[in-house]
Amino acid sequence: MNQIKVGIIGATGMVGQRFITLLENHPYFKIEALYASARSAGKSYGESVDGRWKMSVPLSEKIAAMPVYDAADIDAIAKTVDMVFCAVNMPKEEIRVYEEALAKAEIPVVSNNSANRMVADVPMMIPEVNHHHVEVIEKQKKRLGTKRGFIAAKPNCSIQSYVPLIEPLMEFEPTEIFVTTYQAISGAGKTFNEWPEMLDNIIPFIGGEEEKSEKEPLKIWGTVGEDGISPLTTLKISAQCLRVPCTDGHMAATFIRFKKKPTLEQILAKWKEYKSLPQELDLPSAPKQFITYFEDESHPQTGVDRMTENGMGICAGRLREDPIYDYKFVGLSHNTLRGAAGGAVEVAELLFRLGYFDR
């Protein structure tokens, strides 16, 4: 198999670092170039992240020796790589313009950023949930005037703790969801060394997170039409998002009401049996068992269970009837694997297998 030459934009940040660990020995992709801001450009990657490498695995000598290039030089990027993973740290409007410029330079972009997620012709995918949204890419190419350049986005990290658990139940027509998420500090790109005030502490606000948690799922469950993806209108979501003192792992306490209330046994069976296109294609990052349900009421636990299926599985537990809603349950996902870089890599694997990176 001829590997796709990839660039990682925003390579020095936490998500960029995670991309490196996931792609260094990937069967489909070869890390061809690393990009960052002008202040890192010209240095070796090892110099750029000296004292700032946040991964638990050591930085390899090969990657440390690679040069860092200026992410602003779009022409050079287009000449060097077949596609890019984008995890830049810039104002949202600047990211939107930058990613479109990359796409218009005929570079496919798989984005970890939120800037283009809600654009109607940009697919925002959890591959197991809405892989069919790749259909909208042709509409986007027509708008951008490109032959192979486009943007595909990975959704917000926190929603992956509950949206995948609701997807197998959509035939029962959920009408209302209330969710509270308990989000690890790595979701802010931080470690405890950098953020000591998070020790023994909970912060009841994460900027922009609740709006994303309430709106992004509706696009994920939306339909592709002439004008792009139209969000689902028959479901209302209310979210609260809290930052908690965990390194990795986002947990969600979810309450749900259905138009056609299933039995508890039906829900458990749907979760256990659920598979989708990534499992059928045997994508390298796709979990064999997408949803793992824990009978033990003390699970899932963030510190113990977040690495289920190499951090790409979705965990569930404590399913029970609720006196106000129909049911309540707890979900858990690894926020920098399934929720960030790992989810984006799986999106890219899907696009690769479907031929979207062909020259």
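**Talking through the labels**

Tutor: Let's start with helix α1 (residues 14-23): 7 of its 10 residues are buried, so the rest of the structure largely encloses this helix. Keep in mind that this is a predicted model.

Student: Which residues of α1 are the buried ones?

Tutor: They are Met 14, Gly 16, Gln 17, Arg 18, Phe 19, Ile 20 and Leu 23. To get that label, a residue has to be under 20% relative accessible area.

Student: And what do the buried residues of α1 pack against?

Tutor: Against β1 (4-9), β2 (29-36), α2 (45-48), α3 (61-65), β4 (83-86) and α13 (337-353).

Student: What is the order of the strands in the open sheet?

Tutor: The 6 strands run β3-β2-β1-β4-β5-β6, with parallel pairing. β3 (68-70) and β6 (151-153) each have a single partner strand, so one side of each has no neighbour in the sheet, and that puts them at the edges. On average, neighbouring strands here are turned by 30° against each other, direction ignored.

Student: What makes β1 and β2 a pair?

Tutor: Two strands pair if there are at least two bridges between them. β1 and β2 run parallel and are joined by 6 bridges, so by that cut-off they count as a pair. As an example, Gly 7 has Ala 33 in β2 as its bridge partner. α1 packs on this sheet too, touching β1, β2 and β4, and its direction makes about 160° with that of β1.

Student: Why is the contact between Glu 194 and Lys 54 called a salt bridge?

Tutor: The cut-off is a Lys or Arg side-chain nitrogen within 4 Å of a carboxyl oxygen of Asp or Glu. The closest N and O atoms of Glu 194 and Lys 54 are 3.2 Å apart, so the pair qualifies. Glu 194 lies in the loop between β7 (174-183) and α9 (209-220), and Lys 54 in the loop between α2 and α3, so this pair ties together parts that are 140 residues apart in sequence.

Student: What makes Glu 171 and Lys 270 a salt bridge?

Tutor: Their closest N and O atoms are 2.7 Å apart, and the limit is 4 Å. Glu 171 is in the loop between α8 (163-166) and β7, while Lys 270 is in helix α10 (residues 264-273), so the pair links parts 99 residues apart in sequence.

Student: How far apart in helix α9 are Lys 215 and Glu 211?

Tutor: They are 4 residues apart, which is about one helical turn. This pair also forms a salt bridge, with closest N and O atoms 3.2 Å apart.

Student: Which residues of the largest nonpolar core touch the most other members?

Tutor: Phe 29, Phe 85, Leu 351 and Phe 357, out of 39 residues. β1, α1, β2, β4 and α13 each give two or more residues to this core, and α13 gives the largest share, 8 residues. Among the residues Phe 85 touches are Val 6, Phe 19, Phe 29 and Ala 344. There's also a second, separate core of 32 residues, which includes Leu 235, Phe 258, Phe 290 and Ala 316.

How values were computed:
Residues numbered from 1 in each chain as written. Predicted model: local features only at pLDDT ≥ 70, side-chain atom pairs only at ≥ 80, totals over all residues. Heavy atoms only, no water. Buried < 20%, exposed > 50% of the residue type's maximum accessible area, 1.4 Å probe, protein only. Contact = heavy atoms within 4.5 Å. Axes fitted to C-alpha atoms, helices over the stretch in contact; angles between N-to-C directions. Core = buried A, V, L, I, M, F, W, Y, C linked by side-chain atoms within 4.5 Å. Lists of a residue's contacts leave out its neighbours within four places in sequence.
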